[in-house]
Amino acid sequence: MGIVNFIIDNILTEASITISLIALLGLALQKKSFGQIISGTFKTLLGFQVLSAGSGIIVGSLTYFGQIFTEGFAMQGIIPSIEAINGQAMNELGLGSDIALTFLAIFVFNILIARFTKWKYIFLTGQAILWMATMTTIFGYFAGLRGVLLVVVGGFVGGVFAVAMPAIAQPIIRKVTGSNDIALGHFCTIGYLFEAGVAYIFGEKGDNKKSIEDIKLPKAFEFLQDTYLSLMVVMVPLFVITAAFAGAEFGTTLSGSQNYLMFAFIQSIQFVVGVYVLLSGVRLLLGEIVPAFRGIAMKIVPNAIPALDCPVFFPYSPNAVILGFITTTIGSVIAMFVLPTFGLAMILPGMLTNFFAGGTAGIFGNQVGGRRGAIIGGIAHGFFITLLPALLVTIFNSMGFINATATDVDTVMAALLYAWILSPILKAI
């Protein structure tokens, strides 16, 4: 168990190490030279670490924004957090080992399904697999499963989702990227497909479809064609105005000796810096992992396709990412006020989810329904990813997770589905 825990805790959950080792294996299977193997492995590691550094900068800025938003608009509600649920499950329910083994089982089942079926996707987003393992373990535990059965069933369900989600998203991803070399490995895919469906119904079609990427601006505003400048124009007033609503007294607790409005301004710029760093890491990572992965495809899983985290797709449609973030946030704010009138919990907007999941959903909406589809679909997506956590609060309360909920749509659906299937089976035994 010690070696297994070490591998899971220090290798498989460390996505940069996992992907680098996969790159090493792929290059070795292609019988590349020692120098090429070392170069490809470490460039993959560097690319992923640069991507992670960019994500870290974005997380820091959005965490700050979430604090001033909550204070500025006097919002009292529940912030969805799968991390908190994971911690409580491990510490209070003693499910740490079960979650770790289920994590490993999901990875194994993923490879087996890809090897022996026509769905050749290998899911490489480690933290997403961890959250899937957390949810399937918790729901399996409360459905009555224990021991090996808890791990195997949860691993199988997670493995199926690890193959199925990239597969159903791939037709759209193929159009976005223009190739079949990579797939989307992110357990918010049902939400992306929900936006795509709304965009298809209400968006533009055929020759009338206008992509947000093709938007034409007057000469005076042509600088907004630059992704980073247009993002800055959006984020600076968003941060500064929200900080003004939060007030000097609260703002100073976060800014220290620096003026709280100037601190908000710098944080908004830091957000843009984070996006720049993240996209630089994506370009470096893709330049190495796709060629290296061909070795895996040729030897272990023929025609295997790596399913990668959502930021990998941001460079393909950067304007749609910004639009998706904004519209998803609008939808989540609307839901925050509307859902309590129906007796549901107030769910505060999760800015990290709104950026990463909302931005990716924006790519789907824009691809399927153009600008109009991305706008209408994005607002609907924000409402959808707020409604599900609100519905889950009661279920989690009954499990002892007080005022806790989660937003990763696929993990929640997987857990609910197989707990629902298991309940009548276990009652009959």
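Guide: What follows begins with the patch and then turns to the rest of the chain.

This is a predicted model, in which local features need pLDDT of at least 70 and side-chain atom pairs count only at pLDDT 80 or more, while totals for chains, interfaces and linings use all residues. Residues are numbered from 1 along each chain as its sequence is written, and side-chain values use heavy atoms, with hydrogens and water left out.

The nonpolar patch on the surface is formed by Tyr200, Ile201, Phe202, Ile375 and Ile376, which together have about 510 Å² of accessible area. Accessible areas come from the Shrake-Rupley method with a 1.4 Å probe, and for residues only the protein chains shown count as cover.

Two or more residues of the nonpolar patch come from each of α8 (189-202) and α13 (351-399), and the largest share, three residues, belongs to α8. Helices (H or I, at least four residues) and strands (E, at least two) are DSSP runs, numbered from the N terminus. Tyrosine 200 lies in helix α8, and this residue is exposed because its relative accessible area is 54%, where exposed means over 50%, buried under 20%, and partly exposed in between (1.4 Å probe, protein chains only).

Cysteine 188 and cysteine 310 can be taken next. With a disulfide defined as a pair of cysteine sulfur atoms within 2.5 Å, the count comes to zero. Cysteine 188 is in no disulfide, the nearest cysteine sulfur being that of cysteine 310, 7.3 Å away. Cysteine 188 counts as buried because its relative accessibility is 4%, and cysteine 310 counts as buried at 1%.

As for the whole, the secondary structure of the protein comes to 14 helices and three strands, and buried residues make up 52% of its 429 residues. The protein exposes about 18,200 Å², of which carbon and sulfur atoms supply 67%. Of the contacts (heavy atoms within 4.5 Å) with a separation of 6 or more, 82% are between residues 24 or more positions apart.

Note on methods:
Patches are made of residues with over 30% relative accessible area and no salt bridge: like charges are joined within 9 Å, nonpolar side chains (Val, Leu, Ile, Met, Phe, Trp, Tyr) within 5 Å. A salt bridge is a side-chain nitrogen of Lys or Arg within 4 Å of a carboxyl oxygen of Asp or Glu.
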